[in-house]
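Hi,

Here is the structure I promised to pass on.

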Amino acid sequence: MKPWHSIPVEKILKELQTSPKGLSSEEAQKRLEKYGKNEIEKKAKINPLKIFISQFTDFLILILIAAAIISYLMSFLPGKEEHLFDSILIITILTANAIIGFIQEYRAEKSIEALKKLSAPKARVIRDGIEQEIDSEKIVPGDILVLEQGDKITADARIISEVNLETDESALTGESLPVGKTETTLKEKTSLAERKNMLFMQTIVTRGRAKAVVIGTGMDTEVGKIAKQIAETEQKPTPFQVELDKLGKKIGAGILVIIAFVAIIQIILIGGSIVNIFLTAISLAVAAVPEGLPAIVTLALTIGVRKMSKKNALARKLPVAESLGSVDTICTDKTGTLTENKMTVRKIFIPGKELKAENEGLSLQNSQKGLVELLKCSVICNNAAIGRDKHGKKKYLGDPTEIALLALAEKTGMDIKIEKGKAHRLMEIPFSSDRKMMTVVCSKGNKKIAYSKGAPEIIIEKCTHILLNGKKAKLGEKEKKEILEKNSEFGKQALRVLAFAFKEVKGKETEKQLEKELTFLGLEGMIDPPRKGVKEAISDCRKAGIKVIMLTGDNINTAKAIGTELGFNPKKALTGLQVDELSEKELKNALNETEIFARVSPSHKSRILNALQEKGKIVAMTGDGVNDAPALKRADVGVAMGIRGTDVAKETSDLVLLDDNFITIRDAVAEGRGIFDNIQKFVNYLLSSNLAEVLVVFIFTLLALQIEFGKGAIILTAAQLLWINLLTDGLPAVALGLDPKAEKIMERPPRKKNEGVINKRMIFSITAIGVAMTVVIMGLFLNEFFTSAHELPEKFIRAQTMAFTCFVVFEMVRVQTVRANFKTKILSNKWLWLSVIFSFLLQLMVLYSPLNKFFKVVPLSLIEWVDIAIGVTIFLILSFIIVKIEKRLFWRD
């Protein structure tokens, strides 16, 4: 894109073949056909069918689909009709899981549509030499825009002429104050935030008027660039999603190896039939595949998201709930995120005394005469007003700086309406960038008084007197020096300083005379202040091992001042231009120490984000403006502000802070860590149980070489295994997602990026518990088989029923031993207890109702339940021994 800001207006008009009289209607139509409509391109919507089909593409799910197909085909064999039930059950569970996943993932991308909504519907242009109103989408390069206060700018344009023009560019550049504009040609290397001769799409005119020539429309604007970046950015899977995918493939590969191994044994050593080999393969597949894992993870994340929403953190994408727990770096915008996004008077200077505006005791009743006069001047020489919003609540209207002056006066107890009413305005000499001051003349009783405000160095030069202790006195060099020093002191604190003065008008005076021989009243220094609670929130994040970096479009002095107040290190602060001069390696090194970046553009934010991610950091990026959208989308966790945030930022983000409070991020991170703990709990729970199922089926296959269990006997059928997994992977696993987070969860560092859900400690736990469960269950199975007074096949069915029921009961007990690893109190989750009881009742229903025919089981006797109770006791003892060994082996973890 051309550096339009560095090209003289005359050359731009010539290059665009236009003039101050505008284009002809005919030429405008030709250009509309050439450049297209002035709108942000739409992005194709997500296909719901594709989302649903994608639920069946996981490797583990494909294995189960294959098992279902084989079961279905086997049902056509003589005497094997019951396998149709197995097939239907497998498909039913897979479909239920797919529906849950589909509902949670179905979310159309709205970023580009949100950008389109921001566009103003109408615009004023000059065409055929006449000013006229047209649809904003019909604006073309070369059009002459006519703008005044309150107008939304509908395209990128270069200013031709302006009068006291200021625009609000906070949504695009992050600049908290209105930006004064000029038609002056600038240097080519001028940053986006400092291009004062340019106007940008989606920004707003806050003061003055202007004419400008359009140089870019639609996707060729700065906002269009952002839209392109959003559209071109692929949504990367979260680390957790990647890990689950790898886990699924590893489990799937293991299953295929075991199936192949068992099949070879059956063919070589047993000489088993193809039918029996397939039956064993299906059982192994169903036993090994944690088919409920995707759905349980989804539900656990959903539960976590609901918990977060109660704390004003709205997660727009489920995986973000877990990703937050691993965040180790937060890149935050300043304006509106760390600060209030409104100017506030912080310091006051009246001759001989400095006052803090935040002082709660500051009021007209106990103030000096000088302060009262200063506040009166700030109210009268002011075009801001107090109105009502659409809800009827009080709202300040006007320029942010003038609003800050009114707010201070009202805070001290001054009645703004009465004070303005006492001073009937006769005339106004408006503020301009050349004069840097504003004056109003008012009548108060029989007197005419001129009130002025403006840049301190300008006002002081026009003053001959000073109001000292309520009395008018000569302004000497000593007093001037003191005022200028105080102005410099305020400036070093990044305060925007205004000086105030007045004079009694006698007779007729020209505008120049009105602004001479003034009496100095004082100074007011203002800034966009930090939000309450933000400093503490940042401190909490740092204690949790999370680095916080400020990225702002504001100038370096303001960024340092706010940063210092919030606990950032200002010494290594960098500007966007300095970032441009750094190589990728130098930028990565700078990020080790730099915590403040000022005057940054969207490209700088993206580059800093990329550098951090290449360093292996898991980054949360906060923001509220259009300019933040690309970085929000690329970040591991994009965080938008709910109140001040633009639609684009919200729709592009992963997380929306409903209260715009930085401390909510801290709470969300804590919840994210708790969610990760709970996911670890049920992954451990599911996989240790599934391992035991695989081992039992595998060992039974080996035992069948020596022991006659009956023709085609298999210890657990596919239907039985699915039922076990349905009971244990269902409600109890879901209830684990409701476990409360650990008390000191924010006192530990973030987990490392390469540390997955399954670490060495969990592998030990899964293996040891799985083996212990296998040994006890196989012992109970063999005991029942060999001690039973019944003959085959009855005694095998009773032993099979024993193993079937043991799995359900043991896994109900196992869920509590998993929680013990995380020091979770046994009675802290009532839903878990209710789910365990309900699942046990369902198992009893299968055993003691006609359903037992479908599952090929028989009712157990009291003696058999006593045997199960003994087995549970042995398993519990072994489990707690394993937990103690685990703690000793992995105490550093």
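To start with a question: how are α26 and α29 oriented to each other? The axes of helix α26 (residues 662-703) and helix α29 (residues 760-787) come within 8 Å and cross at roughly 45°, so the two are oblique to each other. For angles, under 35 degrees counts as roughly parallel, over 145 as roughly antiparallel, 65 to 115 as roughly perpendicular and the rest as oblique. Axes are lines fitted to C-alpha atoms, for helices over the stretch in contact, with angles from 0 to 180 degrees between N-to-C directions. The contact between α26 and α29 is made up of 18 nonpolar residues, 8 polar ones and no charged ones (Ala, Val, Leu, Ile, Met, Phe, Trp, Tyr, Cys and Pro are nonpolar, Asp, Glu, Lys and Arg charged, the others, Gly among them, polar).

Some housekeeping: this is a predicted model, where local features need pLDDT of at least 70 and side-chain atom pairs count only at pLDDT 80 or more, while totals for chains, interfaces and linings use all residues. Residues are numbered from 1 along each chain as its sequence is written, and side-chain values use heavy atoms, with hydrogens and water left out.

Overall, the protein has 33 helices and 26 strands (DSSP runs numbered from the N terminus: H or I of at least four residues for helices, E of at least two for strands). Of its 893 residues, 56% count as buried (under 20% relative accessible area; exposed is over 50%, partly exposed in between, with a 1.4 Å probe and protein chains only).

Next, the sheet. An open sheet of 8 strands with mixed pairing runs in the order β8-β26-β25-β24-β9-β21-β23-β22, where pairing takes at least two DSSP bridges between two strands. Its edge strands, β8 (313-315) and β22 (574-575), each pair on one side only. Helix α20 (residues 556-566) lies across β21 (547-551), β22 and β23 (596-598), at about 155° to β23.

Most residues other than glycine have a negative phi, and most peptide bonds are trans. K436, not a glycine, has a positive phi of about 55°; K436 sits in the loop between β14 (424-429) and β15 (437-444) and is partly exposed at 39% relative accessibility. E517 also has a positive phi of about 55°, and is exposed at 58%. Finally, a cis peptide bond joins L792 and P793, with omega about 0°.

Cheers

Note on methods. Contact means heavy atoms within 4.5 Å.
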